[in-house]
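Please have the sequence and the structure open as I speak.

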Amino acid sequence: MGKNFINKLLPLALTAAMIVPSVPAMAAPSDIAGHWAESVITQWQSKGLIQGYEDGTFKPGNTITRAEFVTLMNNAKGFWSEGSINFSDVKNGSWFYSAVARAVAAGYVKGYSDGSFKPNNTITRAEAAMMIANTAKLSANEAGAYRFTDIGSIPAWARGSVGAVVAAGYMTGYPDGSFDANASISRAEAVSSLNRMLGGTAYQPTQPTTPTTDTTKTTSDDVVIEDKGTTLKNQTVDGNVTIAKSVGNGDVTLRNVTIKGDLIVKGGGSNTVTLEDVDVRGKVRLLKEGVHLHLAGDTDIRKLLIDLAARITQSSSYKDEIDEIILAGDGDLNKTTRIDVPAKQLRIENQADLILGGDVEKLIVDEDAKGAEIEIKKGTTVNELNTDAKIKLTGKGRIDLLDVSASGVTYDKNLDVRKKDTSNGATAPKENGSTSAGGSSSTASKEITGAAPIEDVKVPYGTSGVEALTLLPKTIKLNVKGGTTVDAATTWTWDESVSFDPTNTTAKHTANGTFTVPPAIPTAAQQP
């Protein structure tokens with residue numbers, strides 16, 4: 001029997017989604033015009049590697065702390081793996097804990113003999129020279145330090161590094177012939193020295209804690225993506241890639257990435273986890289309810305495990321099929337899972353509610369999936385469906401062979417079932433005589449009780465109003481009385497009173513959304 005729904009929210013205009021232009025990456029600070037480091041500061045700020053102050057200045061002559069310097073180094077070099085640390089003054093939970101752990105793992109810092117790191121101390125030119133020399137793996141060149149008139153004030157432990165970085169052209173002395181090793185390095189000097197070490201081409205992460213680079217890079221370590229809005233691209237990862245819980249319901253993009261291990265998705269939401277030209281040699285595992293996995297380009301997935309209700313879609317550029325999809329059921333699969341990509345094999349291991357919009361060569365329903373409901377959308381073909389459980393089949397798609405080994409299987413009359421077989425003493429599948437949109441007047445009604453919250457979206461400086469609207473989710477979750485949810489297609493418009501300003505970095509602009517009630521949820525006018 002079909003389910004009847006009463007929609008109480010048809011006039012709803014969604015106004016929860018905010019477009020917030022982010023601070024302009026290309027806005028030049030007010031105090032660097034004519035400064036000797038103007039060009040490199042502008043370049044690094046445009047790449048999001050260093051920030052100015054709220055008053056619009058950069059203060060190039062200000063000092064920089066040891067914690068700030070290692071953060072800058074990590075971002076510039078793409079050091080993401082964390083080592084074990086036990087510094088007395090670096091406690092887990094402090095903002096610099098992860099940065100120091102990465103610096104230790106990268107091998108360019110050790111700390112002090114008393115067991116401290118002194119993260120809030122300003123970094124000296126000698127300390128910066130040693131960190132840069134260690135990072136660049138330069139051979140010690142103590143003789144090179146003797147060119148400076150103040151060699152006596154250069155600490156013995158730093159002379160080899162000072163000589164090496166000066167010989168390499170990464171740091172320089174002063175016109176009076178001194179190096180001034182014990183002076184604090186300025187913000188401008190730090191950026192310039194690191195930029196020279198990198199050959200003038202700085203690493204460019206989309207988020208400070210997650211790698212993004214325009215040049216192909218191989219890492220033998222696992223990669224953890226911690227921030228929403230992150231793009232990981234042009235990478236070969238020998239280990240696993242994990243999208244952490246801290247991403248929340250935000251979006252993440254992987255582009256031109258080869259993962260030799262697994263892709264583990266613990267964060268992400270309706271804003272999508274997009275895989276474009278991604279090759280996952282291990283398995284993809286979805287461990288976050290409501291994740292929207294979107295496939296594009298030449299993406300190759302061998303095995304996809306879905307533990308919690310999710311949505312899988314494809315772009316027009318995606319021409320492949322997933323080798324195997326398993327609704328593992330280790331989590332709650334009673335909420336609707338939508339799969340709109342083709343697969344060679346799809347297995348349902350536990351009770352699930354599935355809407356299928358991608359062709360499947362073989363669909364297998366295990367015995368433990370008793371009570372599963374599978375809707376096969378119009379235009380979708382399942383070449384062979386084998387079920388060991390009592391299930392309900394709905395929709396307007398096609399099944400070439402329906403092979404049942406359990407009694408009680410039913411299917412809608414609108415389904416095109418070409419051939420039916422039975423085994424194991426099961427009764428033949430029965431046409432239930434109803435459609436997914438119909439039903440008798442005695443069927444218990446359902447009603448939409450609201451829409452899931454929609455997160456604010458930040459857009460890059462200069463983004464037009466039209467482009468900004470495309471960044472909002474294409475679908476929203478409607479809450480159905482009883483605790484379930486359904487997806488509804490959404491369109492967004494600016495209110496007539498809104499004048500979107502792509503250069504205003506402080507204003508919040510409100511977009512109004514309207515949604516289309518899915519066909520499986522008739523409006524009140526469609527009720528019998």
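Predicted model: local features only at pLDDT ≥ 70, side-chain atom pairs only at ≥ 80, totals over all residues.

Of the 528 residues in the protein chain, 50% are buried, where buried means a relative accessible area under 20%. If we take the contacts between residues at least 6 apart in sequence, 41% of them join residues at least 24 apart.

Now to the helices, and I will begin with α4. Helix α4 runs over residues 125–136, which is 12 residues, and from its first C-alpha to its last it reaches 16 Å, close to the 16 Å expected at 1.5 Å a residue. Is this helix enclosed or open? Because 9 of the 12 residues of α4 are buried, the helix is largely enclosed by the rest of the structure. The buried set consists of Arg125, Ala126, Glu127, Ala128, Ala129, Met131, Ile132, Ala133 and Thr135, and what covers these residues includes α2 (66–77), α6 (156–168) and α7 (187–197). Just after α4, lysine 137 takes a positive phi of about 55 degrees.

Two packed helices are described by the angle between their axes and the distance between the axes. For α4 and α6, the packing angle is about 65 degrees and the axes lie 8 Å apart. That makes α4 roughly perpendicular to α6, given that angles from 65 to 115 degrees are counted in that class. The crossing of α4 past α6 is left-handed. On the α4 side, the residues that meet α6 are Ala126, Glu127, Ala129, Met130, Ile132 and Ala133, and their counterparts in α6 are Trp157, Ala158, Ser161, Val162 and Val165.

Helix α7 is mostly covered, with 10 of its 11 residues buried; among them are Arg187, Glu189, Val191, Leu194 and Met197. The buried residues of α7 pack against α1 (38–46), α2 and α4. With α1, the packing angle is about 80 degrees and the axes are 10 Å apart, and α1 and α7 are therefore roughly perpendicular to each other. Val40, Ile41, Gln43 and Trp44 of α1 make this contact with Ala188, Val191, Ser192, Leu194 and Asn195 of α7. After α7 comes glycine 199, whose phi is positive, near 75 degrees.

Let me turn to the nonpolar cores. The largest of them has 58 residues, and those with the most contacts inside it are Leu254, Leu263, Leu304, Ile339, Leu363 and Leu393. Strand β9, residues 273–286, contributes the largest share of this core, 6 residues. Apart from it lies another core, of 53 residues, which includes Ile50, Ala67, Ile123 and Ile151. Returning to leucine 304, and leaving aside residues up to four places away in sequence, we find that it touches Val284, Leu286, Leu293, Ile312, Ile322, Glu324, Ile325 and Ile326.

Isoleucine 225, in strand β4 (residues 223–225), is buried, with a relative accessible area of 0%. Isoleucine 225 is 20 residues from lysine 245 in sequence, and their C-alpha atoms are 9.2 Å apart.

Valine 257 belongs to strand β7, residues 252–259, and is buried, with a relative accessible area of 1%. Which residues does valine 257 touch, if those up to four places away in sequence are not counted? They are Leu232, Lys233, Asn234, Gln235, Asp277, Val278 and Asp279. Between valine 257 and glutamine 235 there are 4.8 Å, C-alpha to C-alpha, for a separation of 22 residues in sequence.

Lastly, threonine 381 is found in strand β19, residues 381–387. At 17% relative accessibility, threonine 381 counts as buried, because the cut-off is under 20%. Again without residues up to four places away in sequence, threonine 381 touches Asp359, Val360, Arg398 and Asp400.

How values were computed: Residues numbered from 1 in each chain as written. Heavy atoms only, no water. Helix = DSSP H or I, 4+ residues; strand = E, 2+ residues; numbered from the N terminus. Expected span 1.5 Å × (residues − 1). Buried < 20%, exposed > 50% of the residue type's maximum accessible area, 1.4 Å probe, protein only. Contact = heavy atoms within 4.5 Å. Core = buried A, V, L, I, M, F, W, Y, C linked by side-chain atoms within 4.5 Å. Axes fitted to C-alpha atoms, helices over the stretch in contact; angles between N-to-C directions. Parallel < 35°, antiparallel > 145°, perpendicular 65-115°, else oblique. Left-handed = near helix turned anticlockwise from the far one by under 90°.
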